[in-house]
Amino acid sequence: MSQTLIRAGWVLTAAPDDSATPAAIRDGAVLLDGDRIAAVGTFADLAAAHPAATVRGGANDIVTPGFVNTHGHFSEGLITGIGSQYTLWEWLQELISRVNPVMTRDKAYAGTMLQGIQMLRSGVTTANDMFCSDPIPGEPATPGVVQALEELGLRGVVSFGSGDVDRGFGPAPILEEFDALRETADASRYSTFRVGMSSIGRYTDAAWDEHIGYAVDGGHGIHVHVHEVREEVTAARQRTGRTVVGHAEATGMFRVPVIAAHSVWVDRDDRERYAANGVGVAHNPVANGILASGIAPVAELRALGIPVGIGVDGPASNDSQDFLQAMKSAALLARIRDLQATAMSAREAFEMGTIGGAQALRMEHEIGSLEPGKRADLVVFDGESPTLANVHDPYQAVVFVAGSHEVKDVWVDGELSLADGEVTRVDVREAVARARPLARQLVAEAGLERLSALTGAPLDDTERP
Ligand SMILES: [Zn+2]
């Protein structure tokens, strides 16, 4: 295997305090050997010890672990920038429930390709996705997600989150889609499978139990929305007598690894249940703002030792897939909530975006920090960009200063999925051209003409000035 030495003015490793690897190394370097990180240290030491290694990166660059996007929906890949005048439940009714029945594999593939390109450009190397649609028996859509991630060279944790309430079908076709997605992921290089559960109100009790049973029997983790809005907590208490977190615990969900997206409205008991059961949280600051859902109690969760990562959330609820925007927003939202500039530091947001996300997904032994033996997933920020000409503090430079324009190289599994700012494996123009007619078709099939300008129909529900 050939070795590559990636040089930087700063290497931010996100290694935990008890690691032999320092958290930040000035004039550092990372040695890649095949798909793994072989060594992390100063450039001078590693260059002397490995003279045959190919050197890449520059003396002013900043190298970080690949970012771990802990929550998103490739199923929304063709409906960005639409319907932001709604709060969550209205948005689900007016937009998502209309799109769900007409999601097909070609649309899944085309949407994932568009959004995956954006993620790579902002330094994401792992995307935890929940594809939300209605199953079409015999025609699974979700393998299109895995196919696009394979072609892009982007690591995926893939799940399917649907629901059977008022849908006219039971759990069986959903579980068939699980089988199709799991088999495709098992045969892939980059994707692993989880059981998806959209949110409690979309499942009958029988389907809820069957989903948990599928995860327990197969040894799979679960990816679920929890307490995104207050209405969800109220509805769950009226129906089950418990919060969603309490109901999840009582029905055995926490027997498997769970990542709970949002967790905005978790009370003290809920937080303690998370801590006691090792539940991870995906915090989605931008989507919580767009849908006016609230501000998650991130500091309280982290104080209990609960791993919290950052998610971009779906292309229809963020609407950008830029991870750097989400990481910056996490720090800003925490500061606005407490009206304290010390409420969340740039370094804390950075750690949530890297090792925190890996821990929330229980993948910290493989990804999330730059330490010998881990997967070679990393980001190189361009130190020659005017934006990064003067790095007074490398964490602030990454979290508050840099944008996706500064993302120069992205390595996934020891290979360049993005080089000099361009995706290496797919033709971007072709991906855009493929997606456009499918998006127009989707708008027509879902009856979204009044929300979308794509088909040329007059809009009657645009944002108010
Ligand atoms: Zn979501």
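A search of the whole structure, which is a predicted model, finds three cavities of 30 Å³ or more. The largest pocket contains about 740 Å³ of space.

**Largest cavity**

- The largest cavity has a volume of about 50 Å³, and its lining is made up of Trp208, Val224, Val226, Val244, Val245, Ala248, Met253, Phe254, Val258, Ala260, Tyr274 and Val279.
- Two or more of these lining residues are given by each of the elements β11 (222-226), α8 (244-250) and β12 (258-262), and α8 provides the largest share, with three residues.
- In terms of residue class, the lining of the largest cavity comprises twelve nonpolar residues, with no polar and no charged ones.

- His71 and His225 are both buried.

**Salt bridges**

- Lys408 and Asp61 form a salt bridge in which the closest N and O atoms are 2.7 Å apart; this pair links distant parts of the chain, with Lys408 in strand β16 (residues 407-412) and Asp61 in the loop between β4 (54-56) and β5 (62-65), 347 residues apart.
- Both partners of that pair, Lys408 and Asp61, are buried.
- Arg425 forms a salt bridge with Glu415, for which the closest N and O atoms are 2.8 Å apart, and the pair joins the loop between β18 (422-423) and α15 (428-446), where Arg425 lies, to strand β17 (residues 415-419), where Glu415 lies, across ten residues.
- Arg425 has a relative accessible area of 33% and is partly exposed, and Glu415, at 34%, is likewise partly exposed.
- Arg425 and Glu415 also belong to a network of salt bridges that links them with Asp35, Arg36, Arg155, Arg189, Glu366, Arg375, Asp377 and Asp413.
- Arg337 and Asp338 meet through their side chains in a salt bridge with an N to O distance of 3.2 Å; Arg337 is partly exposed at 33% relative accessible area, and Asp338 is partly exposed at 34%.

**Largest pocket**

- About 740 Å³ of space lies in the largest pocket, which is lined by 32 residues, and the closest of these to its centre are Trp89, Leu92, Ser199, Gly201 and Arg202.
- The elements giving two or more residues to the lining of the largest pocket are α2 (88-99) and α7 (230-240), with the largest share, seven residues, coming from α2.
- The lining of the largest pocket divides into eleven nonpolar, 13 polar and eight charged residues, whereas the lining of the largest cavity has no polar and no charged residues.

Note on methods. Residues numbered from 1 in each chain as written. Predicted model: local features only at pLDDT ≥ 70, side-chain atom pairs only at ≥ 80, totals over all residues. Heavy atoms only, no water. 1 Å grid on protein atoms, 1.4 Å probe; cavity = no way out; pocket = protein on both sides within 12 Å on 5 of 7 lines; lining within 4 Å. Points joined across faces, edges and corners; volume = space filled by probe spheres on them. Helix = DSSP H or I, 4+ residues; strand = E, 2+ residues; numbered from the N terminus. Nonpolar A, V, L, I, M, F, W, Y, C, P; charged D, E, K, R; others polar. Buried < 20%, exposed > 50% of the residue type's maximum accessible area, 1.4 Å probe, protein only. Salt bridge = Lys/Arg side-chain N within 4 Å of Asp/Glu carboxyl O.
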